[in-house]
Amino acid sequence: NNKIARLNNIGFIWDAVTAQWEEGFSYLEQYKKNEGHCIVPNTFKTDGFLLGAWVSNLRTNKNSTLEQIERLNALGFVWEVLNTQWDTGFNYLVLFHKREGHCKVPNKHKEGDFNLGRWVVKQRADKEKLSSDRRSRLDSLKFRWDIAQEQWEIGMDYLIRFYKREGHCRVPAKFKEDQYRLGRWVSRQRANKANNSNVLSPKQTEQLDTIGFIWDPHESNWQEGLSYLITFSNREGHINVPARFKEGDFNLGNWVRRQLKGKNTMSRERLLRLEDLGFNWDV
């Protein structure tokens, strides 16, 4: 008895397993206090203690006592972490849907610190593995399983925003709308139509035509220049446009100079239309 008392006086641990559990639980309590949850990354350490591994072991072995389980539950311990992570992603998607009115989440979009774009991509990749309940919950938000259509609609939404603000669809090649590469998306639509690929559907083509999408920017620019030249001719009675003259924001003098330089490669139709206005090739 004297030996036992002496050991007790120096804090000797008789039940090492229980002592280790209590140490882990105390670290988990602190983690919950700091982070607001008990979903600890597998590799997480605190003060040298492998808390992530300890938490993972609790889920795998499930050999905690009834009292320990009750204490963990009271702390908000997550036994099925994968289910919780999925529900977290779905809840963020619901928030996004309520705010934006759709589920067209850009690939790199984050809701707070949660990478919602990556979560959405994973749902599409795991479509055949998802339970019917999860698929139904996503379908209730009109979730798009077709990534190509989804990405096209994201680009179209940005183009409509540009059109409403600028009044046209002449998007510069390197232009970005809220970090979205809208110029590149616009160029891709032109390339798809020019190649007669099936990537661009008739319905998508019709949607673009509705807002005056320019399929051939070079032809559009030429027609715009010609219309300004006609306006200049009607007002001035001639078409001797000064080199730096602008008609509104359009640099008509520069446009005329390009026509002079490109005479030898210009189509006969364009030549005739300019000559009908009395265009002077010999400046």
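Is E153 buried or exposed? Select E153: it is buried, with a relative accessible area of 13% (buried means under 20%, exposed over 50%, partly exposed in between, with a 1.4 Å probe and protein chains only). Before you go on, note that this is a predicted model, where local features need pLDDT of at least 70 and side-chain atom pairs count only at pLDDT 80 or more, while totals for chains, interfaces and linings use all residues. Residues are numbered from 1 along each chain as its sequence is written, and side-chain values use heavy atoms, leaving out hydrogens and water.

E153 and R144 form a salt bridge, with their closest N and O atoms 2.9 Å apart (that is, a side-chain nitrogen of Lys or Arg within 4 Å of a carboxyl oxygen of Asp or Glu).

Next, pick K122 and D126. Their side chains meet in a salt bridge, 2.9 Å from N to O. D126 counts as buried at 17% relative accessibility, whereas K122 is partly exposed at 47%.

Last stop: E247 and R235. This salt bridge has its closest N and O atoms 3.0 Å apart. Here E247 is buried, with a relative accessible area of 11%, and R235 is partly exposed at 43%.

How many salt bridges are there by this rule? The count comes to 15, so there are others to look for once you've seen these.
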